[in-house]
Amino acid sequence: MYDYCLKQKDGATRLTQQSGMELTDIRLRSIVQFDPIKKSFEQSQNLKYFRQPNDLEYPLDLNRGYDEFTHRCGVFPDPFDQVQHYLMHVDQTKQVLQQTDFILHRHTLRIFIDASPVVPRAYRFQAFRFKGCIFIKLLDDMDNEAVLRHSYAFKARQYLLTERLGEDPDTDTPIDQRMQQYGMFSAKIGQFRLLYTGEVTGLSNTEPLGDLTDQQELDKCRQTNIRVVREQISWRSTFRYDVWVRQAYLSGVHQLVVASFDDHGQVVRPIEVESMETLLKSDRLNIGNRVQRIHQFLEMISQKLEDLDNPAVSVRFQLIGENLVFEEALDTEFIDYVNQL
C-alpha cells in the first residue's frame, strides 16, 4: 500500500508516497476562458469558489433550465491552440520550451494512467519533436453526445460555485457547456518535464484570491472537482472512484465534491466532500505503478522519435490496452504550427 500526502511548497503541489513513481511539482501556470464563437482564448482573472448549500436549498433540481442549455456538440478547444496562446503571453517563450520535454493534454495523461488490459480500447496519437520538445496530439474525437444526463454536472457546478465567497450562486443564467475555463499545468515525471492543458472547475479556498494572472496568486489555488452520480450507486466501490481520483491527481486537485441525484434529477442528500489526501490513501488506485507506466510510455515515444532523427517527421501510434503500437512515420502537419511559437 502507498502512503500519500498532499504537500504544497513554493506553489507546487507534491503528492509524496513511500514507493513507486510519482507526479511532482504540479503547478497551475495560467487560466483561460474559451470563446466558442471566436474559437479563441482570453486570460481569466478568477475562478469560482465552492460553497456548501444550506439545508433549505435542497432539493437541487439538475433539470432546471435544461431547455436553454447549450451542449458542446463537438466544439472543443484545440489544446495546441491553448499552448500557443500561453506561449505567446508568457515571458521567455524559448526558455519555457527548453525547460519542457513534453507538451500534451491532460486527457492524454488520463488515458495513459487509466490504461488497462481489461478494457483494450484503442486510442490513436501523433507525436513529433521540435527544438527538443515533444508534442503529443490525441487524434480521436472526444465524447460530444447531447443528452440531458450530460448536463447534470454543469448544473451542479452552477448550484455549488459562486463568484465571491459568501454570495449566493447564480442558478438562472443559461449554461453553455462550450464556455469552460482551462488551465495550463506544469509537472515532472522522473526526468521528464511536462506542460499540459486541462479543464478547471473551481476552488476550495476559504479566503478570496487576487488576480489569477499573477503566478503568486495561482500558486495559492486549491482546486476542487465536482462530480454527479445516481444515488443508487456507491461511487466509492465502483470504477468511478478510480477514474475520478486519478484524473484529479493529474491536476493537483485538493478536494472532490460529489452530488447524488435521484431518478428525477433531484439532489436531495447533502453534498459529499472528500479531501484528495484521504482518497489517495486507497491501495486499489495503484498510483505509483500507473505513473511509472506513463513514464515508460513517454520513454518509448522519445526513443522512437530519436531513432527517426528527423524534425520534419512525426510518428503515429496507438495505445491498445497497456501496449503502445507504433505505426508509420510521416511528414508532420504541425511544423507550421510550432514555427509560430
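Axes are lines fitted to C-alpha atoms, for helices over the stretch in contact, and angles run from 0 to 180 degrees between N-to-C directions. Helices (H or I, at least four residues) and strands (E, at least two) are DSSP runs, numbered from the N terminus. The model is predicted: local features need pLDDT of at least 70, side-chain atom pairs count only at pLDDT 80 or more, and totals for chains, interfaces and linings use all residues. Residues are numbered from 1 along each chain as its sequence is written, and side-chain values use heavy atoms, without hydrogens or water.

Helix α3 (residues 106-114) packs against helix α6 (residues 239-250) at an angle of about 130°, the axes being 10 Å apart. That makes α3 oblique to α6, a term for angles that are not under 35 degrees (roughly parallel), over 145 (roughly antiparallel) or 65 to 115 (roughly perpendicular). Contact means heavy atoms within 4.5 Å; Arg106, Leu109, Arg110, Ile113 and Asp114 of α3 meet Val243, Arg246, Gln247, Tyr249 and Leu250 of α6.

A nonpolar core is a set of buried (under 20% relative accessible area, 1.4 Å probe, protein chains only) Ala, Val, Leu, Ile, Met, Phe, Trp, Tyr and Cys residues joined through side-chain atoms within 4.5 Å. The largest has 57 residues, and Ile136 and Ile301 have the most contacts inside it. Helix α8 (residues 287-308) supplies the largest share of this core, seven residues. Beyond neighbours within four places in sequence, Ile301 touches residues including Phe102, Ile136 and Phe326. A second, separate core of 17 residues includes Leu62 and Val257.

Technical notes
Buried means under 20% relative accessible area, exposed over 50%, partly exposed in between (1.4 Å probe, protein chains only).
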